[in-house]
Amino acid sequence: MTILVTGGAGFIGANFVMEWLSGADEKVINLDKLTYAGNLESLKCLEGNPAHVFVQGDIGDSALVQDLLQKYQPRAVINFAAESHVDRSIHSPGDFIQTNVVGTFHLLEAVRAYWNELPEDARTDFRFLHVSTDEVYGSLAATDPAFTETNRYEPNSPYSASKAASDHLVRSYHHTYGLPVLTTNCSNNYGPYHFPEKLIPLMIVNALAGKALPVYGDGQQIRDWLYVKDHCSAIRRVLEAGRVGEVYNVGGWNEKPNLEIVNRVCALLDELRPREDGQSYQEQISFVTDRPGHDRRYAIDARKLERELQWKPAETFETGIRKTVQWYLENQQWVENVQSGSYRDWVEKNYDGRSA
Ligand code: NAD
Ligand code: DAU
């Protein structure tokens, strides 16, 4: 048996592929374009593992995707591939439309053609799992109930609008063509291999480098944080037992204002790697101009996933954030290679000179 994962060199995809292959030997075909966010160094531990087949390419390249589907005959496709950073979507929305909307459309078309030709049993068992975000539901007021799967879509950034469009396309391929799809909408992830442009890794990396810790606006925006491995276990569970055509919200019941997150990261660093001058890393916090259109609050109601599929996160925020800070302290080389850009040479370093 084989699965095809897209975006498996990114933060969540890489964690997913490593977890998957640590628990089973079912082959993973990993299709990733290796944008700035794709990092094969994160998958170093899979070097030489015949169950991991990496292919550099675009989900929007129909011919390539069709070839991979024909060649490897996967029983499922799990779509992580996306442009994922809200701030980048404000500066350059075009890439988000191209990958998240047009790319997902081409991927769905290739998968539909493949699925149509499968024998009856394989057609029934096949799944297309689309990994999406809570941001499609928009922003909550302080006392609003958390997002359920029936909340109206109200995306506010080019990123969330492009993810919302992809969710709608996925839904339509089920309703119109019967493609057996599943969609997950997850809250903010954190953990190992997180690119240091996002809040938590940026704060850790900047703190250690003696740089400012830029908090947008008043720092009172609320996000609902989930340790990345818990997101991966939820995806595995939905793939295994989710009802076809259904949407599952994934979250950790961990709503926290950004400033509290930054203070927690500082406190952990004060404990684990104190500053030489004896001051707290909190001294480095700097309030900066807010993100345009900044959503005030996200919160996920994950009861459907808990009730129907008996999924529960394994980590609390306290255990997860400690593991994360420790991981960054122990993996300074990974951080340095990202910062210097040398992680992008990994492909040549690793693959040049290998015969096909
Ligand atoms: P990421 O930016 O770290 O990784 C995205 C990966 O997709 C990269 O490896 C990149 O090279 C690849 N990619 C981009 N465009 C591609 C294309 N056209 N074809 C093939 N590969 C391409 O993102 P992430 O944080 O790992 O997020 C993965 C998915 O989960 C995304 O769909 C995102 O919307 C969703 N999500 C993320 C979070 C979060 O907190 N990070 C939360 C909920 C949902
Ligand atoms: O909610 C799920 C989403 O979470 C995912 O769909 C996105 O792919 C993922 O990037 C994340 O989006 P956010 O915009 O919430 O994550 P980010 O880490 O960029 O920011 C988290 C919060 O911290 C947000 O309110 C903005 C704020 N922030 C962020 C940065 C990078 C700062 O205050 N300072 C910063 O420097």
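Predicted model: local features only at pLDDT ≥ 70, side-chain atom pairs only at ≥ 80, totals over all residues.
Colleague: At what angle do H7 and H11 pack?

Modeller: About 45 degrees, with the axes of H7 (residues 199–208) and H11 (residues 317–330) 11 Å apart.

Colleague: Is the crossing of H7 and H11 left-handed or right-handed?

Modeller: Right-handed.

Colleague: Which residues make the contact?

Modeller: H7 brings Ile200, Pro201, Ile204, Val205 and Leu208. H11 brings Ile321, Thr324, Val325, Tyr328 and Leu329.

Colleague: And by class, what is in that contact of H7 with H11?

Modeller: Nine nonpolar residues, one polar and no charged ones.

Colleague: Stay with H7. Which of its residues are buried?

Modeller: Ile200, Pro201, Met203, Ile204, Val205, Asn206 and Ala207. That is seven of ten, and H7 is mostly covered.

Colleague: What covers the buried residues of H7?

Modeller: The cover includes strands S7, S8 (213–216) and S9, plus helices H9, H11 and H12.

Colleague: What follows H7?

Modeller: Gly210, with a positive phi near 75 degrees.

Colleague: Now H11. How many residues does H11 have, and how far does it reach?

Modeller: H11 has 14 residues and reaches 20 Å from its first C-alpha to its last. That is close to the 20 Å expected at 1.5 Å a residue.

Colleague: Which residues of H11 are buried?

Modeller: Phe317, Gly320, Ile321, Thr324, Val325, Trp327, Tyr328 and Leu329. They pack against H7, H9 (258–272) and H12 (332–340), and against strands S7 (188–190), S9 (222–227) and S11 (255–257).

Colleague: Switching to loops. Where does Asn39 lie?

Modeller: In the loop between S2 (27–32) and S3 (52–56).

Colleague: Why does Asn39 count as buried?

Modeller: Its relative accessibility is 3%, and the cut-off for buried is under 20%, so Asn39 qualifies. Beyond its neighbours within four places in sequence, Asn39 is in contact with Ala9, Leu34, Trp334, Val338 and Tyr343.

Colleague: What about phi at Gln73?

Modeller: Positive, about 50 degrees, although Gln73 is not a glycine. Most residues other than glycine have a negative phi.

Colleague: Where is Gln73, and what is its relative accessibility?

Modeller: Gln73 lies in the loop between H2 (62–72) and S4 (76–79). At 41% relative accessibility, Gln73 counts as partly exposed.

Colleague: And what is phi of Tyr193?

Modeller: Near 65 degrees, a positive value in a residue other than glycine. Tyr193 is in the loop between S7 and H7.

Note on methods
Residues numbered from 1 in each chain as written. Chains lettered and ligands numbered in written order. Heavy atoms only, no water. Axes fitted to C-alpha atoms, helices over the stretch in contact; angles between N-to-C directions. Helix = DSSP H or I, 4+ residues; strand = E, 2+ residues; numbered from the N terminus. Left-handed = near helix turned anticlockwise from the far one by under 90°. Contact = heavy atoms within 4.5 Å. Nonpolar A, V, L, I, M, F, W, Y, C, P; charged D, E, K, R; others polar. Expected span 1.5 Å × (residues − 1). Buried < 20%, exposed > 50% of the residue type's maximum accessible area, 1.4 Å probe, protein only.
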